[in-house]
Amino acid sequence: MRNIKLTIEYDGKDFNGWQKQPNKLNIQGTIEQAIESITGEKVELNASGRTDAGVHALGQVANFKTNSQIPIEKFAIAINSRLKKSIIIKNAEEVEERFHSRLSCKKKTYRYVINNSTYGTAIYRNFETHIPQKLNIEKMKQAIKYFEGEHDFRAFKASGTSSKSSVRTIYKTNIHQENEKIYIELTGNGFLYNMVRIITGTLVDVGLGKIEPNKIPEIIEVGKRENAGKTLPPNGLYLIKVMYE
């Protein structure tokens with residue numbers, strides 16, 4: 001039995017998220033069908049984590065077990081030949097049997113893209129979130145640093161989160177602006193349901209002057225969802241990279 005690790009890029013716009021669901025277009029099921037069509041086997045694809053409807057990925061990782069003897073260098077080409085253009089297998093490699101995309105994961109990096117121009121964009125509207133009010137990027141840079149370290153992020157999770165603990169560690173944060181686009185990046189050991197979208201929504205409130213940067217530690221400490229910002233839409237969110245060491 002071989003264990004195959006895939007690195008996957010996808011445009012989440014037309015999908016109802018990663019996870020398999022009956023009668024709804026999803027990324028996991030679409031790739032599993034493609035694998036079955038080339039191997040003749042029904043496989044279970046384990047991802048590093050589930051992305052929501054409309055969320056994109058540049059470096060999602062998933063693995064599956066197979067008895068197929070397709071040469072590893074041909075696997076990505078073969079799967080891609082059966083996939084929609086909105087999903088691409090960027091790499092396939094054979095890994096040790098105990099490797100598991102989620103359980104072996106050490107860190108993940110997410111990116112959120114904001115278009116801060118007056119009128120937004122027609123072409124890229126599904127790949128960024130438009131906020132027409134001018135954001136104070138310097139205040140946002142001050143605020144984001146308070147999220148670094150180990151914290152209880154219960155104020156930054158959506159209701160319905162199944163995780164037993166809301167304690168997570170954010171190792172690195174970054175905000176930079178290129179022309180009228182603002183890029184927000186968070187690298188952590190794991191993220192709660194909607195956590196990145198709520199943190200970025202809170203940073204937007206800082207940029208709008210609704211929350212002062214130095215209030216972030218108090219919002220984290222008190223732990224009430226209503227004190228944090230709104231949940232930003234999924235279309236600006238990307239899973240950039242999954243790290244295993």
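## A walk through the predicted model

Let's begin with a pair of helices: the axes of helix H1 (residues 27-39) and helix H2 (residues 72-80) cross at roughly 115° and come within 9 Å. That angle makes H1 roughly perpendicular to H2. Keep in mind as you look around that this is a predicted model. The crossing of H1 past H2 is right-handed. If you want to see who touches whom, look on the H1 side for Ile 31, Ala 34, Ile 35, Ile 38 and Thr 39, which meet Phe 75, Ala 78 and Ile 79 of H2. Sorted by class, that contact has seven nonpolar residues, one polar residue and no charged ones.

Now for another pair. Helix H3 (residues 137-144) and helix H4 (residues 195-207) have axes that come within 8 Å and cross at roughly 135°. H3 and H4 are therefore oblique to each other. Here too the crossing is described by its hand: H3 passes H4 in a right-handed way. From H3, the residues Lys 139, Met 140, Ala 143 and Ile 144 meet Leu 203, Val 204, Val 206 and Gly 207 from H4. By class, this contact of H3 with H4 has six nonpolar residues, one polar and one charged.

Next, some single residues. Hop over to Leu 186, which sits in strand E9 (residues 181-188). Leu 186 has a relative accessible area of 1%, so it is buried. What does Leu 186 contact, leaving aside its neighbours within four places in sequence? The partners are Lys 108, Thr 109, Tyr 110, Ile 144, Lys 172, Thr 173, Phe 191, Val 196 and Ile 199.

Ser 48 is in the loop between strand E2 (46-47) and strand E3 (56-66). Is Ser 48 buried or exposed? Its relative accessibility is 3%, so Ser 48 counts as buried. The side chain of Ser 48 makes a polar contact of 2.5 Å with the side chain of Gln 60. Setting aside neighbours within four places in sequence, Ser 48 is in contact with a list of residues that includes Gln 60, Val 61, Ser 101 and Tyr 244.

Glu 128 is another loop residue, found between strand E5 (107-115) and strand E6 (129-130). With a relative accessible area of 4%, Glu 128 is buried. Its side chain joins that of Asn 115 through a polar contact of 2.7 Å. Beyond its neighbours within four places in sequence, Glu 128 is in contact with Val 113, Asn 115, Thr 121, Lys 181, Asn 235 and Gly 236.

Asn 179 has a positive phi of about 55°, although it is not a glycine. You'll find Asn 179 in the loop between strand E8 (167-178) and E9. At 76% relative accessibility, Asn 179 counts as exposed. Asn 194 isn't a glycine either, and its phi is positive too, at about 70°. The spot for Asn 194 is the loop between E9 and H4. Asn 194 is buried, with a relative accessible area of 13%.

Notes:
Residues are numbered from 1 along each chain as its sequence is written. This is a predicted model: local features need pLDDT of at least 70, side-chain atom pairs count only at pLDDT 80 or more; totals for chains, interfaces and linings use all residues. Side-chain values use heavy atoms; hydrogens and water are left out. Helices (H or I, at least four residues) and strands (E, at least two) are DSSP runs, numbered from the N terminus. Buried means under 20% relative accessible area, exposed over 50%, partly exposed in between (1.4 Å probe, protein chains only). A polar contact is a pair of N or O atoms within 3.5 Å; within protein, one must be able to donate a hydrogen and the other to accept it, and residues adjacent in sequence count only if both atoms are side-chain atoms. Contact means heavy atoms within 4.5 Å. Axes are lines fitted to C-alpha atoms, for helices over the stretch in contact, and angles run from 0 to 180 degrees between N-to-C directions. Angles under 35 degrees count as roughly parallel, over 145 as roughly antiparallel, 65 to 115 as roughly perpendicular and the rest as oblique. A crossing is left-handed if the near helix is turned anticlockwise from the far one by less than a right angle, and right-handed if clockwise. Ala, Val, Leu, Ile, Met, Phe, Trp, Tyr, Cys and Pro count as nonpolar, Asp, Glu, Lys and Arg as charged, and the others, Gly among them, as polar.
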